[in-house]
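Here is my note on the model that you asked me to look over.

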Amino acid sequence: MAALCRDCLSEIPAARRCPACGSPRVLSHPELNDLTIAHMDCDAFYASVEKRDNPALDGKPVIIGGGRRGVVSTACYVARIRGVRSAMPMFKALKLCPDAVIIKPRMDAYVEASRAIRLMMEELTPAIEPLSLDEAFLDMTGTARLHGHAPAVMLARLVRRMKTELGLTGSIGLSHNKFLAKVASDLDKPHGFSIIGKAETNNFLRDKPIKLIWGVGAVTQAALDKAGIRTFADLLRWEKTDLIVRFGGMGERLWHLARGQDHRRVSAHEPVKSISKETTFGDDTADADILDGHLWRLSVQVADRAKAKDAAGRIVTLKLKRSDFKTLTRRVSLSDPTQLADRIYRTARALFDQLDDPGPFRLIGVGISDLSTGEGADLAGDLLDPDAQQRTKAERATDAIRDRFGTKAIVKGRALR
């Protein structure tokens, strides 16, 4: 059986310890040198960057997020041991971990670290599909001849470089498709390396809970529970046609995943499907002026991102979360795609005005979807709004000034609410 020392990268026969350096971190698997689809997931990425940049945080529970009224973006493993989880309301996290150090996100630092990791990945393969700042799929097919080593060796070298050069750790999942590679990367965190081979796929999955499938949320899980599907073994008892009748397109995907089949390719050019921004308030509010000010600021941020990506959206979405955590979502399709803050804001504001819920609210968000290129955006104008064209010209002029002198060069009055 092939084996690899994850510390010195020696390729060795299977053993409890590496004969070259004595390390116990030996990875053994019959398909070690044959598998090529990987998922790399940084370990508690935001918190790890903060601890790297501030050694005084070492050993302390760290939570990245907003104030007491916000939600947890991520937490270090010290805090996770106490039960803190991503997306948990901050007040619950602080009950579980009252001594935690709360840090507001520093996105610039996280983006910089993510870019450095991406450059390291690009030295291994051009087939990289990022899922977020801290995780990505890699297709290492055909790279063994280029590098002179199997993909497993190069992936172990990647996470070793991340540790020594960037002070960050990541966990690798290696398998024969994307679904199983992502599952594998969660099996041995932090700083892990797990493999799921072809020969063991069916036995590995059989007794696992169906929630292992990425993207199966609470609603889908409830529907599966109602159908008596809780494990992959339960799913295997269903015919494909019955699953499709019961669950639509998701049913066919479930049939394939139950057998460890995933034919999706690692796509280096996966299109962005939506652009959105949201904010959580320090105190619940029903104040229309305050909510309107946030709507405008969020619309500007969404528009700025759309313009930077040369994208435009045909669907505008408004999201609100009540104090009881109930989420309200409203959306509308436009006659033509937009990337203008003014149009996004006015559409979102109209959706807000149609709500029959007075609040108070703890969160508000705005987004656009059904994206296309910016080339054909906002050409039709609004026949019912004779001032729309003038506002469009004003916004384009404002954009030019902000590009030259900074984003705060011009600020509208409603943004100060």
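1. I begin with helix 7 (residues 178–185), which is mostly covered, since eight of its eight residues are buried; buried here means under 20% relative accessible area, exposed over 50%, and partly exposed in between, with a 1.4 Å probe and protein chains only. The buried set runs through Lys-178, Phe-179, Leu-180, Ala-181, Lys-182, Val-183, Ala-184 and Ser-185. At the start of this helix, a side-chain oxygen of Asn-177 comes to within 3.3 Å of the backbone nitrogen of Phe-179. Helices (H or I, at least four residues) and strands (E, at least two) are DSSP runs, numbered from the N terminus.

2. On the basis of the note: this is a predicted model, in which local features need pLDDT of at least 70 and side-chain atom pairs count only at pLDDT 80 or more, whereas totals for chains, interfaces and linings use all residues. Residues are numbered from 1 along each chain as its sequence is written, and side-chain values use heavy atoms, with hydrogens and water left out.

3. As to the whole, the protein has 15 helices and 15 strands, and of its 417 residues 45% count as buried. Among contacts (heavy atoms within 4.5 Å) between residues at least 6 apart in sequence, 61% join residues at least 24 apart. The protein exposes about 21600 Å², of which carbon and sulfur atoms supply 51%; the areas come from the Shrake-Rupley method with a 1.4 Å probe, and for residues only the protein chains shown count as cover.

4. Strand 4 (residues 37–42) deserves a look, because six of its six residues are buried, so it is largely enclosed by the rest of the structure. Both of its faces are covered, with Ile-37, His-39 and Asp-41 buried on one side and Ala-38, Met-40 and Cys-42 buried on the other.

5. Which strands pair with strand 4? Strand 4 and strand 9 run antiparallel and are joined by five bridges, with Asp-139 of strand 9 as the bridge partner of Ile-37. Strand 10 (residues 170–175) also pairs with strand 4 in the antiparallel sense, over six bridges, and there Gly-170 stands opposite Cys-42. Two strands are taken to pair if DSSP finds at least two bridges between them.

6. Thr-143 lies in the loop between strand 9 (135–139) and helix 5 (144–147). Is Thr-143 buried or exposed? Thr-143 counts as buried because its relative accessible area is 6%, and, leaving aside neighbours within four places in sequence, Thr-143 is in contact with Leu-124, Thr-125, His-149 and Pro-151.

7. Three strands form an open, antiparallel sheet in the order 2-1-3, whose edge strands, strand 2 (11–13) and strand 3 (26–28), each pair on one side only. Strand 1 (residues 2–5) pairs with strand 2 over three bridges, and Pro-13 in strand 2 is the bridge partner of Ala-2.

8. Helix 13 (residues 288–308) has 21 residues and reaches 30 Å from its first C-alpha to its last, close to the 30 Å expected at 1.5 Å a residue, where the expected span is 1.5 Å times one less than the number of residues. Its buried residues include Leu-291, Trp-296, Val-300 and Ala-306. At the start of helix 13, a side-chain oxygen of Asp-287 reaches to within 2.9 Å of the backbone nitrogen of Asp-289, and just after the helix Asp-310 takes a positive phi of about 55 degrees.

Technical notes: Polar contact = N/O pair within 3.5 Å; in protein donor to acceptor, adjacent residues only side chain to side chain.
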